[in-house]
Amino acid sequence: MAVNTNTDFEGEETALLARLTRVHDNAAGSFAVHMHLSNLRESNKQSYFITIAARVFEDFLNEHEAQLFTIFNGDLVLVCRNIEVDTVDVVIDKVRALFPEDPLTLNDPGSFDDHFASWHDLSQPDELQAFTTTVNEIIDSAKNFLETSRNKLQGKALEESFGTPLAADNLSAINQQMKRTQIADLIRNQSVYRVIPGEKGEIVFREYFIAMTELKARVAPGINLFSSPWLFQYLTETLDKRMLAVIGKRNLSDMVDPISLNMNIDTIMSRDFQKFNETASSFTKNIVIEFQMIDIFSDMNTYRHACDFLHECGYKVLVDGLNPMIINYFDPSMLLSDYLKINWGPEFTGDENGDAINEVREVVKHAGKEHVILARVDSQDAIRWGASIGITRYQGYFIDRLVLALRAQKRRDK
Amino acid sequence: MSDKAITKKNIPSQEKLLIDYIQRMEEHRVGRSVVQIHLSSLRPYNRRESHLRAAASYFEGFISDLSGQLFILRGGDLFFFFKNEIRASTETAVQQIKYMFSDDPLVADELTMHTVFSSWFDAESQFSDIQRIIQVLVNAEERRSIENKNRMDARSALKEKQRLGEPLTPEILSRMESALQRADLSNLLRRQFACSIDKNLIPEQVFSELFISIKDLRETLMPNVNLLSNRWLFQHMTETLDKRMLSMLNKTDRVTISGNISFNLNIRTLLSPEFESFDASVSANRRGTMIIELQKEDIFTDLRAYLFAREFIQSLGYKILLDGLTLQTLQIIDHNKIGADMLKLMWNAELIDGGENVLALVRTMVDGMGSRNVVLCRCDTREAIDFGQAAGIGLYQGRYVETLIAEDERRRDLMRLKRRIERASEPGLGDEEDDM
């Protein structure tokens with residue numbers, strides 16, 4: 001979309017309005033379908049998703065009297081003339097099918113509850129009027145949107161969140177920086193609590209991790225470390241070794257609560273871990289090793305081996321990187337770890353009665369509830385969701401605050 | 001789940017004891033029988049130490065009055081040797097154990113999946129069967145422990161490095177990527193056929209997988225470097241390879257590509273402008289002959305991106321193949337939900353070691369997918385084909401299949417030659433080409 005700074009707003013939205021004006025003169029057989037892609041979950045609203053969704057219409061537009069408009073917020077509007085509704089359904093369903101796990105596409109197509117697509121019979125003057133009003137509102141918000149993003153650009157907010165992508169040519173330098181830079185002061189911890197109703201939470205273990213935002217500012221300012229999942233994963237192998245060195249030097253006998261460390265599976269096979277294991281040997285039963293699911297999937301045999309090795313030494317193993325959606329596609333309780341960590345996200349609110357949650361319930365049943373942790377708990381909703389499927393272990397900012405408040409209250413009560 | 005660790009520590013490995021016992025038994029096997037209880041085929045969460053102990057406890061009485069002997073193998077299988085006098089009560093005990101696990105698919109789906117909970121043998125007449133089964137289990141266990149030892153062993157790591165080359169580093173990756181942009185890769189493009197194979201081991205080519213040979217790539221561009229030494233760097237490099245592959249497929253004047261083909265791509269590539277321009281150059285009916293192979297780790301790295309890409313790619317007319325499944329991943333991943341058109345299972349001897357229950361698992365998967373939508377790859381022995389045919393798998397790929405293709409071609413050449421000679425010796429007939 002061209003950004004025109006001086007004159008009045010111009011874009012596909014105004015082209016749509018112009019088209020509606022033309023419909024006015026010859027309305028018979030005209031209708032519009034408004035696809036509300038802007039209401040998809042955030043994770044489904046990637047710009048390339050929308051671009052590709054628009055491409056699904058290519059053949060349809062060549063073969064029929066129809067025009068497609070891409071709205072600034074991701075919505076698509078298809079204006080048709082003299083086309084069978086059934087024919088249009090086919091192409092709309094193709095777009096709908098692109099987002100199978102999104103609540104927006106769950107209700108029956110064409111039904112009253114269908115929030116994905118709304119149909120407007122433009123040959124009816126009332127409906128044409130109403131839809132024209134909607135489009136005018138869209139143009140207003142498009143203007144606002146442009147205004148704010150221009151301000152943001154000036155504030156360099158965009159530059160900071162994106163930055164130069166991590167690539168093969170800058171990876172080596174960043175990796176060297178990560179090997180050299182001081183990290184001990186960037187190590188934070190967050191507890192996993194067992195929540196007993198009516199009592200203060202009890203710590204299951206403390207997860208030690210490196211504060212990534214601060215580390216990024218120190219070693220790779222202006223670089224987007226997350227632009228390639230694989231290269232980022234490579235850097236974490238370096239961080240593993242730094243972490244092991246720092247924790248290995250601390251006096252583990254002073255450790256009050258059990259701890260957990262994030263590791264790559266390959267790190268477990270390395271000399272660095274063997275060295276750590278020598279110093280940690282009498283504390284292993286209080287150390288949990290967290291593995292990422294993608295790491296496990298890329299080499300299941302090595303995972304099995306690492307898991308056996310860690311168990312034989314007395315460590316506990318945790319599988320991280322799960323979420324309620326992923327659990328519908330594989331059963332993590334088959335991985336025989338000691339803990340499973342499910343990351344909560346606000347998009348899972350309201351799923352309490354669906355089929356999806358039954359799968360999660362099964363996993364909790366198979367693994368045993370004392371082995372399942374709900375992480376990234378940032379709201380009451382998350383705890384409510386977790387409790388509804390029998391989860392009793394939680395991690396996240398909301399639970400941290402809750403435990404603090406409970407402790408303060410206990411102290412007051414004394 | 002945590003008591004998995006204890007399983008190994010508290011129950012000593014009884015494989016060796018079992019082998020000794022079998023040797024001693026050879027002399028006095030008359031009047032004895034053995035039952036194998038396939039607890040290793042239970043879901044992992046049903047074969048924790050507490051479950052195994054509970055199951056074993058049903059035999060305690062027999063053991064203490066010396067009418068039977070029990071062995072618990074590492075995988076969880078129980079072997080109970082007993083005197084034929086107590087057969088009826090042994091059967092009752094096995095039935096009770098089976099009842100304990102009635103929720104597990106091994107028991108619950110017994111009729112539909114044709115799984116086996118227990119196998120019974122007469123020690124006198126079936127002694128060699130017993131020996132064979134036990135030997136397979138013990139060998140599998142030994143292989144596993146040797147493999148485990150090698151991984152942690154610095155000497156074998158060094159040996160591996162000498163054989164495969166220096167590890168890939170970011171610096172080398174960076175050089176590699178710029179070399180890849182310039183190099184002509186068309187002479188590194190290989191194809192391997194996926195074939196159906198009939199009872200007489202005659203292969204028929206169904207599609208061919210196109211790939212850039214990593215071994216030759218390494219020798220051409222970076223000898224002495226092990227490109228596979230770091231999986232993350234390698235995975236990143238495959239994104240560059242994807243783009244070169246797509247541009248090669250576009251230039252059909254340089255590479256002739258006929259018939260149904262498959263190739264590997266990353267999901268990120270499918271959503272890139274490079275794929276868009278590739279797709280724009282592919283005619284609509286050609287799309288139906290192309291199979292895009294995706295790796296499971298790539299799928300689970302960003303499941304939403306996969307689900308999106310799957311619908312998009314399938315709606316364009318391409319087929320999607322879920323690549324790289326092993327026995328373990330087959331058990332864990334719900335392949336029906338993944339919704340690929342085809343699936344590739346990697347051959348490994350563990351598929352046979354698992355006995356009837358693994359066969360039942362694979363057969364159920366094949367029934368669901370359709371025989372011609374399942375490929376058994378990395379077939380390097382006749383054994384692989386035998387297993388695949390028993391499981392109903394329709395397509396095969398690998399070194400052994402290449403051998404069969406070569407043999408078949410030789411056979412056809414010979415036939416052709418023979419006919420030509422026959423015709424030449426018949427007066428009045430020309431030697432026009434036979435259409436075989």
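**Note on the helices, sheets and domains of chains A and B**

1. In chain B, the axes of helix H10 (residues 170-182) and helix H12 (residues 231-250) come within 10 Å and cross at roughly 5°. Axes here are lines fitted to C-alpha atoms, for helices over the stretch in contact, and angles run from 0 to 180 degrees between N-to-C directions. H10(B) and H12(B) are therefore roughly parallel to each other, a label given to angles under 35 degrees, while those over 145 count as roughly antiparallel, 65 to 115 as roughly perpendicular and the rest as oblique. Helices (H or I, at least four residues) and strands (E, at least two) are DSSP runs, numbered from the N terminus.

2. Before going further, please keep in mind that this is a predicted model, in which local features need pLDDT of at least 70 and side-chain atom pairs count only at pLDDT 80 or more, whereas totals for chains, interfaces and linings use all residues. Residues are numbered from 1 along each chain as its sequence is written, chains are lettered from A and ligands numbered from 1 in the order in which they are written, and side-chain values use heavy atoms, with hydrogens and water left out.

3. Which residues bring the two helices of chain B together? On the side of H10(B) they are B:Pro170, B:Leu173, B:Met176, B:Glu177, B:Leu180, B:Gln181 and B:Arg182, and these meet B:Leu233, B:His236, B:Met237, B:Thr240, B:Leu241 and B:Arg244 in H12(B); contact means heavy atoms within 4.5 Å. Sorted by class, the contact of H10(B) with H12(B) has seven nonpolar, three polar and three charged residues. In this sorting Ala, Val, Leu, Ile, Met, Phe, Trp, Tyr, Cys and Pro count as nonpolar, Asp, Glu, Lys and Arg as charged, and the others, Gly among them, as polar.

4. In chain A, the axes of helix H7 (residues 168-180) and helix H9 (residues 229-249) come within 10 Å and cross at roughly 15°. H7(A) and H9(A) are therefore roughly parallel to each other. The contact is made by A:Ala168, A:Leu171, A:Ile174, A:Asn175, A:Met178, A:Lys179 and A:Arg180 from H7(A), together with A:Leu231, A:Tyr234, A:Leu235, A:Thr238, A:Leu239 and A:Arg242 from H9(A). By class, this contact of H7(A) with H9(A) has eight nonpolar, two polar and three charged residues.

5. Turning to the sheets, four strands of chain B form an open sheet in the order S2-S3-S1-S4, with antiparallel pairing; two strands pair if DSSP finds at least two bridges between them. Strand S2 (68-72) and strand S4 (118-122) of chain B stand at the edges, each with a single partner strand, so one side of each is left without a neighbour in the sheet. Neighbouring strands of this sheet are turned by 15° against each other on average, direction ignored. Helix H2 (residues 15-25) of chain B packs on the sheet and touches S1, S2 and strand S3 (78-83) of chain B, its direction making about 25° with that of S3(B). Strand S1 (residues 32-37) of chain B pairs with S4(B) in the antiparallel sense over five bridges, and B:Ser33 stands opposite B:Asp122 in S4(B).

6. Chain A has an open sheet of four strands in the order S2-S3-S1-S4, again with antiparallel pairing. Its edge strands are strand S2 (66-70) and strand S4 (117-121) of chain A, each of which pairs on one side only. S2(A) pairs with strand S3 (residues 76-81) of chain A in the antiparallel sense over five bridges, and the bridge partner of A:Leu68 in S3(A) is A:Leu78. The hairpin of S2(A) and S3(A) has five residues between the strands, and in this hairpin A:Gly74 takes a positive phi near 105°.

7. Further along chain B, strand S6 (residues 189-197) and strand S7 (residues 203-212) pair in the antiparallel sense over nine bridges, with B:Ile197 opposite B:Pro203 in S7(B). Three bridges join S7(B) to strand S9 (residues 261-264) of chain B, and these two run parallel.

8. How far apart are the domain centres in chain B? Chain B is divided into domain 1 (3-140) and domain 2 (168-416), with bounds that come from an automatic or database domain assignment, and 40 Å separate the two centres, taken over C-alpha atoms. Their contact takes eleven residues from domain 1 of chain B and six residues from domain 2 of chain B. For chain A the assignment gives domain 1 (10-158) and domain 2 (165-413), whose C-alpha centres lie 41 Å apart.
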